[in-house]
Amino acid sequence: GPPPEVFGAGRTDAGVHALGQVIHFDLPRTSRRTGDPIDPLPGDKVASAVNHYLRSLRSECASAPPQQDIQVVRAERVAEDFHA
């Protein structure tokens with residue numbers, strides 16, 4: 001399906017670390033066979049997949065940020081009304 005729309009919490013402090021930066025995106029899952037909704041992925045699987053994607057970008061693009069600059073530390077399922 002299409003890539004999810006990502007929402008990030010705003011940061012206005014110049015030169016600060018983004019450790020603890022929060023984003024959110026909706027990641028609906030459906031069965032390819034039936035189209036029915038299926039259970040969401042566990043947070044550790046989402047974090048691993050996003051970090052894998054970021055690594056693949058770095059290998060394809062010389063201007064991509066180094067691995068230590070952007071990576072998912074933790075991912076978890078949140079309430080439907082959560083917004084970063």
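Modeller: A salt bridge here is a side-chain nitrogen of Lys or Arg within 4 Å of a carboxyl oxygen of Asp or Glu. By this rule there is one salt bridge. Arg 74 and Glu 76 form that contact through their side chains, at 2.9 Å from N to O. Both Arg 74 and Glu 76 are exposed. Exposed means over 50% relative accessible area, buried means under 20%, and partly exposed lies in between (1.4 Å probe, protein chains only).

Some ground rules. This is a predicted model, where local features need pLDDT of at least 70 and side-chain atom pairs count only at pLDDT 80 or more, while totals for chains, interfaces and linings use all residues. Residues are numbered from 1 along each chain as its sequence is written, and side-chain values use heavy atoms, with hydrogens and water left out.

Glu 5 lies in the segment before β1 (7–8). Its relative accessibility is 57%, so Glu 5 counts as exposed.

Next, Arg 77. This residue sits in the segment after α1 (43–60). Arg 77 has a relative accessible area of 66%, so it is exposed. From Arg 77 to Val 46 is 31 residues in sequence and 9.8 Å in space, C-alpha to C-alpha.

Asn 51 is in helix α1. Asn 51 is buried because its relative accessible area is 14%. Leaving out residues up to four places away in sequence, Asn 51 touches Gln 71 and Val 72. Contact means heavy atoms within 4.5 Å.

Finally, the whole chain. From the N terminus on, the order is β-β-α. Helices (H or I, at least four residues) and strands (E, at least two) are DSSP runs, numbered from the N terminus. Of the 84 residues, 10% are buried. Among contacts between residues at least 6 apart in sequence, 30% join residues at least 24 apart. The accessible surface is about 7300 Å², and 53% of it belongs to carbon and sulfur atoms. Accessible areas come from the Shrake-Rupley method with a 1.4 Å probe; for residues, only the protein chains shown count as cover.
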